[in-house]
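I've got one model to walk through, so let me put it on the screen.

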Amino acid sequence: MSKIEIRNLYLIFGKEKHKAEKMLKEGKTKEEILKVTGCTVAVKDANLSINEGEIFVIMGLSGSGKSTLLRCINRLIRPTSGEIIINDTDISKASKQQLLQIRRKELAMVFQHFGLLPHRSVLHNIAFGLELQGVEKEEREKKAMECMQQVGLKGYENQMVGQLSGGMQQRVGLARALANNPEVLLMDEAFSALDPLIRVQMQDELLTLQSKMKKTIIFITHDLNEAIKLGDRIAIMKDGEIVQTGTSEEILTEPANAYVERFVENVDRSKIITASSIMADKPLVARLKKEGPEVLIRKMRERNLTVLPVVDAGNILVGEVRLNDLLKLRKEQIRSIDTVVRHEVHSVLSDTILEDILPLMTRTNSPIWVVNENREFQGVVPLSSLIIEVTGKNKEEINEIIQNAIEL
Ligand SMILES: Nc1ncnc2c1ncn2[C@@H]1O[C@H](COP(=O)(O)OP(=O)(O)OP(=O)(O)O)[C@@H](O)[C@H]1O
């Protein structure tokens with residue numbers, strides 16, 4: 001379900017913005033517009049539909065318009081034209097009163113440089129927004145303590161914020177944003193000022209937190225790896241325009257234009273490509289209660305297979321069956337395969353090749369069966385397709401991957 005709808009959004013900085021907008025719609029370039037009107041086109045005809053509960057990343061190089069777009073969403077800047085619908089209200093046209101209400105209840109922002117009160121305690125900073133809203137001391141401190149716990153700050157309540165490390169300060173920023181229990185979190189380069197290791201740790205923690213809280217998060221970054229790691233979907237901006245919106249996999253496998261292609265060319269695809277995109281989706285299966293050893297042995301020999309996934313009448317994966325076991329059954333003249341169905345190793349559609357599937361496969365030396373969230377059988381990742389995916393890598397790299405995987 002869509003939580004935020006952005007339609008035909010324009011943001012132009014400068015005095016003659018309406019003249020500039022007209023020129024833009026007539027097809028004039030940003031440079032021509034700047035020359036004639038002195039105006040900067042920061043966002044041009046943005047259209048986005050952001051779903052409830054997703055982490056939506058807006059990514060682009062410096063100056064591409066990301067922050068401006070984000071600031072339009074909470075109306076720190078008023079759009080020149082267009083609509084931003086949040087819960088049926090067009091925030092671009094909201095009154096002061098409505099805005100106050102929306103910012104209080106629905107939106108919270110986490111900034112790159114924290115935006116905290118350095119000489120106040122952690123607790124005070126987190127509870128500050130609630131204090132402004134007139135929430136009673138006891139209640140706001142109770143809420144603040146809960147949020148501190150959520151972001152791993154328990155025990156720090158009385159420390160002065162200015163004495164904390166960057167990573168800890170950003171936890172305070174996050175806890176402060178969460179204190180209001182907003183529906184939407186806006187995060188503007190929130191981890192960009194942190195050391196690389198702390199940054200990765202914060203990304204991981206955000207993902208863990210999000211798996212529990214399921215907020216709608218709009219996350220701005222100029223770092224493609226961060227976008228891929230965090231984003232359920234990503235919008236790529238260039239010169240004020242959104243040039244592509246999609247999952248990381250869509251962006252990597254079907255870049256919309258040469259710009260996106262260049263942008264993504266150095267990404268390690270094997271980390272991204274998921275089970276769903278490389279699996280064979282109509283493989284042979286053994287149907288429990290319907291097919292006996294005789295039929296299955298014949299089918300497997302025809303296709304040169306030694307193992308099959310076993311599904312029940314509802315297409316739910318129940319295990320796997322080996323050719324050797326079927327041969328024994330046939331010898332003993334047993335018609336049902338129930339007794340030889342073994343526990344299987346499976347993956348889900350979104351699992352990635354290097355991080356999830358290869359380690360599984362090297363441990364089991366078996367194809368990986370792929371299921372959806374209801375355990376319905378979807379397909380198989382055979383070793384052959386995996387090899388195709390890792391062919392871009394040299395022998396040492398692949399050996400290392402397999403070695404690491406075996407040690408797991
Ligand atoms: N207050 C302002 N007045 C005039 N021009 C501005 C203003 N703020 C931003 N711009 C211009 O708007 C364009 C988009 O800027 P914006 O800050 O949104 O980009 P960004 O992608 O967030 O970049 P960064 O990552 O460097 O912050 C740039 O050309 C910038 O110079």
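Quick housekeeping. This is a predicted model, so local features need pLDDT of at least 70 and side-chain atom pairs count only at pLDDT 80 or more, while totals for chains, interfaces and linings use all residues. Numbering starts from 1 along each chain, following the sequence as written.

So, the ligand. Which residues are around the ligand? We have Phe13, Thr40, Ala42, then Gly60, Ser62, Gly63, Ser64, Gly65, Lys66, Ser67 and Thr68, and finally His222. "Around" here means that the C-beta atom, placed from the backbone, lies within 6 Å of the molecule. Two elements give two or more residues to that shell: strand 2 (40–51) and helix 3 (66–73). Helix 3 gives the most, three residues. When I say helix or strand, I mean DSSP runs numbered from the N terminus: H or I with at least four residues for helices, E with at least two for strands.

By class, the shell is two nonpolar, nine polar and one charged. For the record, Ala, Val, Leu, Ile, Met, Phe, Trp, Tyr, Cys and Pro count as nonpolar, Asp, Glu, Lys and Arg as charged, and the others, Gly among them, as polar.

On to helices. Helix 8, residues 196–213, has 18 residues and spans 25 Å from first C-alpha to last, close to the 26 Å expected; the expected span is 1.5 Å times one less than the number of residues. Just after helix 8, lysine 214 takes a positive phi of about 50°.

Now packing. Helix 1 (17–25) and helix 2 (30–37) pack at about 150°, axes 10 Å apart. The axes are lines fitted to C-alpha atoms over the stretch in contact, with angles from 0 to 180 degrees between N-to-C directions. That pair is therefore roughly antiparallel, a label for angles over 145; under 35 is roughly parallel, 65 to 115 roughly perpendicular, and the rest oblique.

Helix 6 (137–150) and helix 7 (166–179) come within 9 Å and cross at roughly 135°, so they're oblique.

Strand 11 pairs with strand 12 (307–311) in the parallel sense over two bridges; pairing requires at least two DSSP bridges. Across that pair, arginine 287 stands opposite valine 311.
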